[in-house]
Amino acid sequence: MLSVIRTIWNVFLHTFHRRVTIQYPDKKSYMPPRSRHRIILSRDPDGGERCVACHLCSAVCPVDCIALQAKEDENGRRYPEFFRINFSRCIFCGFCEDACPTYAIQLTPDFEMAEYNRQNLVYEKEDLLIDGPGKYPGYNFWRVSGVQIGGKDKGEAENEAPPTDVHRLMP
Amino acid sequence: MTSPHPIASIIGVLIVALSLSAFLIWVERRLLALWQDRYGPNRVGPFGLLQVVADMIKIFTKEDWIPPFADKPVFVIAPAIIMVTVLMSFAIIPVAPGIVVSDLNIGLLFVLGMSSLGVYSIVLAGWASGNKYSLLGGLRAAAQMISYEVFMGLSLMGVVLLAGTFNLTGIVKAQQNLWFVIPQFLGFVLFLIAGVAEARRLPFDLPEAEAELVAGFHSEYSGMKFGMFFVGEYLGITLISSMIAVLFLGGWMGPWLPPVVWFLVKVFAFLCFFILLRASLPRLRFDQLMSLGWKVMFPLALANLLVTGAVVVAMK
């Protein structure tokens with residue numbers, strides 16, 4: 001009986017407590033920089049697309065919401081001909097970001113992407129590409145990888161030794 | 001005996017009671033939110049007050065569906081019964097000197113009788129729905145309301161003994177010097193608990209226990225038929241609060257402020273208390289409800305009646 005009255009009193013005291021609700025459209029809560037929301041495709045510091053169209057993100061995606069097609073440009077650089085994310089399916093698990101070998105695909109703290117029309121949730125490459133390097137400034141995949149493309153021969157990447165000349169490698 | 005302006009009184013009481021019960025939807029949501037450290041509806045209009053209008057538009061335009069397995073005439077009439085019985089009870093509540101629809105000399109018995117009739121609404125709704133959860137809700141309502149009505153009536157007899165009348169205006173006038181909440185404190189507590197049970201509010205909302213019975217007797221109701229149960233429930237707690245104000249807290253009596261304001265302040269305080277109960281207490285189990293009613297409240301009410309009677313006789 002006493003405990004019932006104490007309960008009622010304690011609940012009544014909540015009249016004077018601070019309300020925990022953040023009144024969303026007026027005030028916004030702090031989103032941690034690594035929170036996983038809208039997906040973007042980043043560019044390397046030189047302004048080129050980071051994505052090398054390896055399909056790892058679409059392979060790892062548990063809901064199959066990423067579609068892309070690979071193409072090569074005249075320099076031999078692979079890039080996605082189209083890159084499509086269906087955000088009405090995306091569960092924002094972040095696996096694509098983990099799988100990406102070039103830091104191209106990244107999840108950002110922006111979550112305000114609601115639409116009235118479901119079709120508008122399908123984002124094409126031009127909607128996804130941003131103009132900066134995202135969370136990884138200074139990283140340029142084509143500069144550090146050993147792969148040979150037009151304008152960068154083998155051994156010309158950063159911290160890469162020139163290839164061994166096998167004809168001079170005598171016993 | 002009727003009031004000097006019966007039609008005006010009837011319309012006034014109807015308008016005030018119905019708009020108060022609609023307003024209570026907003027009050028309840030805001031107060032529950034306050035006690036749970038939230039805001040509640042605060043977007044539609046100032047302080048979210050127009051939420052009431054939004055809710056009404058919503059409930060009026062909803063599809064009003066009668067399930068094919070329901071007993072149609074009974075299903076339709078059940079929500080009307082609760083509205084009628086509760087609104088009839090408001091007829092005898094003296095709001096202020098002269099503002100009463102019908103100043104019955106057996107007013108208190110009339111209220112008790114009407115609240116007994118109100119049980120039919122719940123039981124018939126549960127029966128006519130043709131759904132076992134609804135039927136269980138109806139059965140629970142029948143058992144709960146019959147057993148709590150017993151000591152509800154008994155707890156009021158102390159007041160009647162002290163006032164010497166069943167007329168509610170007379171009871172208010174008898175509290176000129178001392179509100180009955182002081183000599184009849186036990187009766188007040190008993191009536192409060194019985195009132196919560198009669199209005200089927202938490203912690204006694206077993207007939208519509210969401211966790212066990214989906215929504216109990218009104219599982220199958222939709223649209224305005226559900227709305228009538230909803231309004232009936234709010235009218236019910238308004239009625240119980242007004243009864244408490246009239247019987248134990250001196251009705252319209254109070255210094256400085258006009259009588260109507262005093263009456264409304266007292267009623268509103270108890271409405272808030274009902275909502276506070278909902279915010280704080282968990283639902284009882286059914287056997288706990290029954291044993292509380294019959295083993296604790298009923299003997300206490302009887303003892304209260306006996307002692308009050310003895311004191312009244314000794315004072316004569």
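Which element gives the largest share of the lining of the largest pocket?

Mentor: Bearing in mind that this is a predicted model, the element you are asking about is α9(B), which contributes 10 residues, the largest share of the lining of the largest pocket. This helix runs over 223–248 of chain B, and together with α1 (6–35) and α2 (51–61) of that chain it belongs to the elements that each supply at least two residues of the lining. The pocket itself has a volume of about 810 Å³, and among the 38 residues that line it, those closest to its centre are B:Ile25, B:Ile59, B:Phe226, B:Phe230 and B:Tyr234. Sorted by class, its lining is made up of 20 nonpolar, six polar and 12 charged residues.

Two or more residues each come from α1 (2–13) of chain A and, on chain B, from α7 (185–198), α10 (259–280) and α11 (286–315). Of the elements involved, α7(B) gives the most, with six residues. The class count for this lining is 23 nonpolar, no polar and one charged.

From there we can turn to the contact of the two chains, which takes 14 residues from chain B and 15 residues from chain A. Between them the chains bury about 1,400 Å², with 59% of that area on carbon and sulfur atoms. On the side of chain B, the three residues B:Trp35, B:Asp37 and B:Tyr39 supply 43% of the area that this chain buries against chain A, more than any other three residues.

Counting residue pairs in polar contact, with both residues at pLDDT 80 or more, gives seven between chain B and chain A. The elements that give two or more residues to the side of chain B touching chain A are α1 and α10 of chain B, and α10(B) gives the most, with five residues. By class, that side of chain B has eight nonpolar, two polar and four charged residues.

Conventions: Residues are numbered from 1 along each chain as its sequence is written. Chains are lettered from A and ligands numbered from 1 in the order in which they are written. This is a predicted model: local features need pLDDT of at least 70, side-chain atom pairs count only at pLDDT 80 or more; totals for chains, interfaces and linings use all residues. Side-chain values use heavy atoms; hydrogens and water are left out. On a 1 Å grid over the protein atoms alone, a cavity is a set of points where a 1.4 Å probe fits but cannot get out, and a pocket is an open set with protein on both sides within 12 Å along at least five of seven lines; lining residues have an atom within 4 Å of a point. Grid points are joined across faces, edges and corners, and a volume is the space filled by probe spheres set on the points. Helices (H or I, at least four residues) and strands (E, at least two) are DSSP runs, numbered from the N terminus. Ala, Val, Leu, Ile, Met, Phe, Trp, Tyr, Cys and Pro count as nonpolar, Asp, Glu, Lys and Arg as charged, and the others, Gly among them, as polar. Contact means heavy atoms within 4.5 Å. Buried area is the accessible area (1.4 Å probe) that two parts lose on being put together, summed over both. A polar contact is a pair of N or O atoms within 3.5 Å; within protein, one must be able to donate a hydrogen and the other to accept it, and residues adjacent in sequence count only if both atoms are side-chain atoms.
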